[in-house]
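Here are a few notes to read alongside the model.

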Amino acid sequence: MTAPFIDLGVHHKPSGISDRIAFGFTKALRWTADTFFAERYGHRAVVLETVAAVPGMVGATINHLACLRRMCDDKGWIKTLMDEAENERMHLMTFIEVSKPTWFERAVIIGVQWVFYLFFFALYLISSKTAHRVVGYFEEEAVISYTHYLAEIDSGRSENVPAPEIARRYWDLPDGATLRDVVLVVRADEAHHRDVNHGFANELAGLPVGQVAECPPHLVLEPNWKKAA
């Protein structure tokens, strides 16, 4: 499978205080990640994908409860956000196989996840538009990080190891697929999430939604009751 083309230059220019808060917060986290991980992109991916899997589930939960209270349709938001959370979790499971995180990094993951979950839950309740803009900017940075990761692989500074089995199965990659193939499809996933979340933020602000990058085809993870049927 070939990763779909994505526009690496997409950037939502901050407009208004909500966007500026979202952008500033994202840049602060980017600086923290750059300082802590430097060019250890595999380890960076493990920690950041743990964080990246939180917003989709938080947004799906809050929208689900809101629709129950208001007795209204969700316009497809809940399933979209749950799919995003699941997709990010599969990124994490893939890079765990690649990077083999240390116990210290696992401890960092636990702490970061709790703090970020509580922060993002509160942010979504206060301003869902700002929350989706934060995720849009997160994903812009993810696209940049994975582009740098590809450069590291292509230059030989990071070993182009065989793709983990979980990645080959999830994205239907060939048997000879490598880490480079994995990073390409993960980057395309992130570009898709980038455009979806910027689109949600625009919709909430009454702005045009814009185009959404194509999401690479991947395995649909079925619930246990369907497997047993």
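How much accessible surface does the protein chain have, and what share of it belongs to carbon and sulfur atoms?

1. The accessible surface of the protein chain is about 12100 Å², and carbon and sulfur atoms account for 62% of that. Such areas come from the Shrake-Rupley method with a 1.4 Å probe; for residues, only the protein chains shown count as cover.

2. A word on the source: this is a predicted model, where local features need pLDDT of at least 70 and side-chain atom pairs count only at pLDDT 80 or more, while totals for chains, interfaces and linings use all residues. Residues are numbered from 1 along each chain as its sequence is written, and side-chain values use heavy atoms, with hydrogens and water left out.

3. Next, the fold. The protein chain has 8 helices and 0 strands (DSSP runs, H or I of at least four residues for helices and E of at least two for strands, numbered from the N terminus).

4. Of the 229 residues in the protein chain, 46% are buried (under 20% relative accessible area; exposed is over 50% and partly exposed in between, with a 1.4 Å probe and protein chains only).

5. Finally, the cysteines. The structure holds 0 disulfides, a disulfide being a pair of cysteine sulfur atoms within 2.5 Å. Cys 67 is buried, at 14% relative accessibility, whereas Cys 215 is partly exposed, at 25%.
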